[in-house]
Amino acid sequence: RSPGVGEGVDSGVKPLPVEGDGHTGPGSLEEERKEEKAATARPPPAQAARGKGKSKQTRRMGLLEANEEEEREIQRLEKALGLNKRKNKSAMPQAFARDGLDYILGVIEPGAAGLSGLYESDDETSAVEEEDLMNEEVESDPDQTENQEGSGEDTDSGQESEGDKACVMEMETSQDDDDDEEEEEEGGSQPDQPTRGNARADCSNNHVHKEQTSSEETVSQKYIPPQLREMSETMDAKKKEELARLKKNVKGLLNRLSEPNMASISNQLEEFYMTNSRKDMNDTLTDVLLAACVTPALMPDRLMMEHVLLISILHHNVGIEVGGHVLETIVKQFDEHSRSISETKECDNLINLIAHFYNFHVIQCVLVFDILKKLTSNFKEKDIALILLLLKQVGFTLRKDDAAALRDLIIEAQNKANSVGKQFQDQTRIRFMLETMLALKNNDMRKIPGYDPEPVEKLRKLQRSLIHNNRGDFLLRATLENLLTADQVGRWWIVGSSWSGVPMIEDTSTKKQQNIVGEVSGKIMELARKQRMNTDIRKNIFCVMMTSEDYLDAFEKLLRLGLKDQQEREIIHVLLHCCLQEKIFNPFYAFLVEKFCEYDRRFQMTFQFSMWDRFRELKSMTNVATTSLVRLLVHLLSKKVVSLSIFKVIEFSELDKPKVRFLRQILQKLLMETEQEELVAIFQRISGIPKLAMLREGLKLFIIHFLLKNASSLGTSEQTNLLKERVEIAEKALQTKDTVLKF
């Protein structure tokens, strides 16, 4: 034998004694017998490895039997739950998804492979632990390496998992390395080569590391269950489809929009508002409207008016949030386009839309004045063109609504033109703008080229016929700043919307009254004291009337005082007092009373009660005051602001001289100074009413006894004949109701 082989190695087999060696004594025989007994008592290494393999196989068979028993239990439970009747048994039952079990089963792979891998995980872990122990024994006892590697090949074949393909590949690689190791072991051992158990442990460690990494990634993101994820995706797709269909329908209606089919289209859009979300409808309607009207080219004015008319109808019939949403979007787009310098006409189209919003009573004049002030402060060529366009559309309406604000704007524009206008090369546009403003100030429509209010008036009549809800105030009083900052502070002009800006509830009336009192001169205040304006409210009303330009200016300023119900009555009382105190009758008071009576019925009732008080005071009134009162009543009767029923408190059977003189002047002016059609309308207003029968009889007797008998005192015969003809017309009108009299 070669030296070094077998030396110091306990192979477990003792060589037999050779005859003639000289070691055949009794002691040697006894030693041989003991060694043979020990050898027979200790099994060989191959048998020990096969014993361990059988125990592992037995344990594996026990696990498989337990799995089969569990499968039978699962099938029994499926039958009890009715899950065995499903057609597609590969997919997860819907009951699992409803109960949330899809979330629990989501940690494993779907299918039998994943389940088997879950069941065999304990077996694989125990096998890996046993292989590690065997590797430690190999390192401690290198003589058993060959046998244990051979037995390891048999046991490893049953421990490969079907779902762990990467580990199987590494195991095969390590097996090839072991085969090469066995071939090379004849020439010498290589203890540094890794064993298959170590390769298996490395594979399991890599797999655990990958699972930990993936679990950390899922924890970092919010988990959404598959059922909710599919539901949200389905809902999003369904919502997009509904919005696309809604936009297509709205666009089709607006493409067919014209004056004849305005009623049908508005009704269909109202039905869309009833069947869809208001937010979706507002967004869709706004997008379609702006796509049709706001283009790089200047759109026709007729198209703009029809679209804004439709919005105004929906604004009144559906709710003010319709016009508020469209207006807010238009103003924000105008603010964006006005900051950029371009030659396109988007700003012109947006200005036209805002102007028609004002024409069709969707917004108040506050927003229009804010835009005009902003354009005047910038004062560039584009801004001047926009000012001209806006004044051409709504200039005269602005003058009626707020003449003082328009006057201030004209003064500001003139100052701006004097200071900055010299920088422009072309002065004609500035000169034309100033001439237009001067024409507005002087109420001269002829100097504004292309001004034609008839199309707007025609569409206004159509608007009044299509609006179902006439009661209430639908004007949007939001300013330019309110609309631009609506996303930050809220929308106070829409009912139910939040507001986080400056508190809106303040004692504004007191502040306005103090400002008005502080602005007027001492001469007006002294005059108010002489006229016995002994309260602050009366002083403020008196100062407003005395400092107004005309009756329209006074009407607007008096409304802006913010007086309450009882305080509003003081307006009529102060008006009548001032009218009767004038030395010569001033028609200003008659037109102002007419404006207030037409504005609200409560002013008309207050005027009627004030007149009844004046009828009782006729004896103490001067001739000038009586004449002024007569002319005031004649004006209001001819304008049909009040009717002849105002005289129902007068007892015609107990008339005194002041009342006779008062009634004679009123009836004589009505009969002689009004047209026949107006006279018939005035007297027909009290005909056919049973409660006014005594008044009609009293008027007939009074006309016969106090007018016709003294007809000769009028002077000429022509006037006498004219009076008789008018008396006959008045008597016929008192006897008829809603009939056309032939003259």
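## Working through the helices and their contacts

K640 lies in the loop between α30 (623-638) and α31. The helix numbers come from DSSP: helices (H or I, at least four residues) and strands (E, at least two) are DSSP runs, numbered from the N terminus. You're looking at a predicted model, where local features need pLDDT of at least 70 and side-chain atom pairs count only at pLDDT 80 or more, while totals for chains, interfaces and linings use all residues. Residues are numbered from 1 along each chain as its sequence is written, and side-chain values use heavy atoms, with hydrogens and water left out.

**Exercise 1. Find out what the backbone does at K640 and at H361.**

Step 1: Check phi at K640. The angle is positive, about 60 degrees, although K640 is not a glycine.

Step 2: Now go to H361. This residue isn't a glycine either, and its phi is also positive, about 60 degrees. You'll find H361 in the loop between α15 (346-359) and α16 (365-378).

Step 3: Buried means under 20% relative accessible area, exposed means over 50%, and partly exposed is in between (1.4 Å probe, protein chains only). K640 has 38% relative accessibility, so it counts as partly exposed. H361 is partly exposed too, with a relative accessible area of 42%.

**Exercise 2. How many aromatic pairs are there, and which helices do the pairs Y551 and F591 and F615 and F662 tie together?**

Step 1: Set the rule. Rings of Phe, Tyr and Trp (its six-membered ring) pair if their centres lie within 6.5 Å; planes under 30 degrees apart are stacked, over 60 edge-to-face, and the rest tilted. With this rule the count comes to 13 aromatic pairs.

Step 2: Take Y551 and F591. Their pair is tilted, with 5.6 Å from centre to centre and 35 degrees between the planes. Y551 belongs to helix α26 (residues 551-559) and F591 to helix α28 (residues 587-599), so the pair ties together parts that are 40 residues apart in sequence. Y551 is partly exposed at 28% relative accessibility, and F591 is partly exposed at 33%.

Step 3: Move on to F615 and F662. Here the ring centres are 5.5 Å apart and the planes stand at 55 degrees, so this pair is tilted. F615 sits in helix α29 (residues 601-616) and F662 in helix α31 (residues 657-673), so the pair ties together parts that are 47 residues apart in sequence. Both F615 and F662 are buried.

Step 4: Look for a group of rings. F555, F596, Y599 and F603 are linked into a cluster by ring pairs. On F555, the charged end of K595 sits over the ring, 5.5 Å from its centre. A charge sits over a ring if NZ of Lys or CZ of Arg is within 6 Å of the ring centre and within 35 degrees of the ring normal.

**Exercise 3. Which residues of helix α32 are buried, and what do they pack against?**

Step 1: Go along α32 (residues 676-684). L679, V680, I682, F683 and Q684 are buried.

Step 2: Look for their neighbours, where contact means heavy atoms within 4.5 Å. The buried residues of α32 pack against α30, α31 and α34 (717-735).

**Exercise 4. Which residues does R302 touch, leaving out those up to four places away in sequence?**

Step 1: Locate R302. You'll see it in helix α13 (residues 301-317).

Step 2: List the contacts. R302 touches E259, P455 and L459. The C-alpha atoms of R302 and E259 are separated by 9.8 Å, and the two residues are 43 apart along the chain.

**Exercise 5. How many salt bridges are there, and where do D335 and R339 and R529 and E526 lie?**

Step 1: A salt bridge is a side-chain nitrogen of Lys or Arg within 4 Å of a carboxyl oxygen of Asp or Glu. That rule gives 25 salt bridges.

Step 2: D335 and R339 meet at 3.0 Å, N to O. They're four residues apart in helix α14 (residues 320-339), about one helical turn. D335 is buried at 9% relative accessibility, whereas R339 is exposed at 67%.

Step 3: R529 and E526 have their closest N and O atoms 2.2 Å apart. Both lie in helix α24 (residues 522-530), three residues apart, about one turn of the helix.

Step 4: Finish with a network. Salt bridges that share partners join E328, K332, D487 and R491.
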